[in-house]
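Please look over the sequence and structure before reading on.

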Amino acid sequence: MLTGVTEGFLCCLLGSPPNSVGPLESVDSGDGYTFVEVKPGRVLRVKHAGPAPAPSPPPSPDTAQGGQAGLVRCQRRITVYRNGRLLVENLGRAPRADLGHGQGGCEPPAALEVELAEPAGAEGRAHAGGSGSGRRRRARRPKRTIHIDCEKRITSCKGTQADVVLFFIHGVGGSLAIWKEQLDFFVRLGYEVVAPDLAGHGASSAPQVAAAYTFYALAEDMRAIFKRYAKKRNVLIGHSYGVSFCTFLAHEYPDLVHKVIMINGGGPTALEPSICSIFNMPTCVLHCLSPCLAWSFLKAGFARQGAKEKQLLKEGNAFNVSSFVLRAMMSGQYWPEGDEVYHAELTVPVLLVHGMHDKFVPVEEDQRMAEILLLAFLKLIDEGSHMVMLECPETVNTLLHEFLLWEPEPSPRALPEPQPKPAEEKK
């Protein structure tokens, strides 16, 4: 890892040919990886692969005939009340949420009311108000109301289409190596893929400053990578903590993000580091505990702990980061904006993949995510756990490919009206 980081820094110091995309500097290492300097002294390793540029295929018949295929009207009203309640009303007709075979389609309800995080002192006020049950309840006053009314075109993303890019973002302790099976699979199908190493992971640079690993610092890294490689239709695929960065990008660039895939990402709640976490211990203590942490991850992250799983751990696919980076990553997960309202505002279709043996993310969290999102598919994999993309690569690849090819049925309003028959001449 240190060798790769050193080479990346040397490449940036020695200079590189001018790049046409923003101020980013990049150097190709010759083995399929690119070292991109997202900020001065901050270098990320990126796997960028895909087919050779080919002439664009002719437009499909659906596109040529008025472009009505895949057109979806997104209409929602999100009301946040002062007592910590959230009301989500789906005003339009949602497209059918069916995908491939088996269960998992989540049809959004007409109205969904959930409870947000309890405001300070809310419980005491509730008990005080409940003592006088005969008193008339005052009507709830909304704190703010958000209206969403837009049209989106959701189309099939095929590997032969030059305007499609797949972005893969890993989570804490991983690297782009966890996506090996997926990257190979989709490159063979003709897709263009981009997979970065987060700062401090894989062969990316590892600043020895805790502020370099906050959510906002890492999100800006992903923004720079996205802006560099994005095309017209971009699909974001995230695992665990990487799902938060996919959500951030989908919220920031709704016109560029075409679909999102969340693998064991958890519920639609704001990020806040745990005060009583083991990762708050001093770095030297975490370093001594690293063998125990690796074994604990093996037990919790994989459904089975056989020779294959142990080999995957030895290959550096998980927790191959320094104790300092691990501690800074866990304590830097502060993102108060990413709450239920933030997720409810997303209008992009989302595929949720959950391994049923996951001990880090309960299935109830992904179910809650599916309820909040406007258009979501929840797929459960019985044989998988937290690292389901490594345990069940064929199943995951099939689900991802089906979702890429999926497009909604046209709404009745979008269907072409039948032409009136010519009037018959009277004899």
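Buried means under 20% relative accessible area, exposed means over 50%, and partly exposed lies in between, with a 1.4 Å probe and protein chains only. Phenylalanine 35, at a relative accessible area of 4%, is therefore buried. This is a predicted model, in which local features need pLDDT of at least 70 and side-chain atom pairs count only at pLDDT 80 or more, while totals for chains, interfaces and linings use all residues. Residues are numbered from 1 along each chain as its sequence is written, and side-chain values use heavy atoms, with hydrogens and water left out.

**Chain overview**

- The protein chain has 13 helices and 14 strands; helices (H or I, at least four residues) and strands (E, at least two) are DSSP runs, numbered from the N terminus.
- Of the 427 residues in the protein chain, 48% are buried.
- Contact means heavy atoms within 4.5 Å. Among contacts in the protein chain with a separation of 6 or more, 76% are between residues 24 or more positions apart.

**Nonpolar cores**

- A nonpolar core is a set of buried Ala, Val, Leu, Ile, Met, Phe, Trp, Tyr and Cys residues joined through side-chain atoms within 4.5 Å.
- The largest nonpolar core has 50 residues, and Phe245 and Val260 touch the most other members. Helix 5 supplies the largest share of this core, eight residues.
- A second, separate core has 40 residues, among them Leu176, Val193, Met387 and Cys392.
- Which residues does valine 260 contact, leaving aside its neighbours within four places in sequence? They are Leu236, Cys246, Ala250, Val348, Pro349, Val350, Leu351 and Phe403.

**Helix 5 and helix 6**

- Two packed helices are described by the angle between their axes and the distance between the axes. Axes are lines fitted to C-alpha atoms, for helices over the stretch in contact, and angles run from 0 to 180 degrees between N-to-C directions.
- Helix 5 (residues 215–229) packs against helix 6 (residues 242–252) at an angle of about 60°, and their axes are 10 Å apart.
- Angles under 35 degrees count as roughly parallel, over 145 as roughly antiparallel, 65 to 115 as roughly perpendicular and the rest as oblique. Helix 5 and helix 6 are therefore oblique to each other.
- Helix 5 and helix 6 make a right-handed crossing; a crossing is right-handed if the near helix is turned clockwise from the far one by less than a right angle, and left-handed if anticlockwise.
- On helix 5 the contact is made by Phe215, Leu218, Ala219, Glu220, Met222, Arg223 and Phe226, and on helix 6 by Ser244, Phe245, Phe248, Leu249 and Glu252.
- The contact of helix 5 with helix 6 has eight nonpolar, one polar and three charged residues. Ala, Val, Leu, Ile, Met, Phe, Trp, Tyr, Cys and Pro count as nonpolar, Asp, Glu, Lys and Arg as charged, and the others, Gly among them, as polar.

**Helix 4 and helix 13**

- Helix 4 (residues 180–188) and helix 13 (residues 393–405) have axes 10 Å apart and pack at an angle of about 50°. Helix 4 is therefore oblique to helix 13.
- The crossing of helix 4 and helix 13 is right-handed.
- Helix 4 contributes Glu181, Gln182, Phe185 and Phe186 to the contact, and helix 13 contributes Pro393, Val396, Asn397, Leu400, His401 and Leu404.
- By class, the contact of helix 4 with helix 13 has six nonpolar, three polar and one charged.

**Positive phi**

- Most residues other than glycine have a negative phi.
- Serine 240, in the loop between strand 11 (233–239) and helix 6, has a positive phi near 55°.
- Asparagine 264 has a positive phi near 50° and sits in the loop between strand 12 (257–263) and helix 7 (283–301). Is asparagine 264 buried or exposed? At 0% relative accessibility, asparagine 264 counts as buried.

**Other single residues**

- Phenylalanine 35 lies in strand 2 (residues 33–39). Its C-alpha atom is 9.4 Å from that of proline 196, 161 residues apart along the chain.
- Glycine 50 is in the loop between strand 3 (42–49) and helix 2 (61–64) and counts as partly exposed at 40% relative accessibility. Leaving aside its neighbours within four places in sequence, glycine 50 contacts Tyr191 and Glu192.
- Valine 363 belongs to helix 11 (residues 363–372) and counts as buried at 16% relative accessibility. Beyond its neighbours within four places in sequence, valine 363 contacts His354, Met356 and Leu380.
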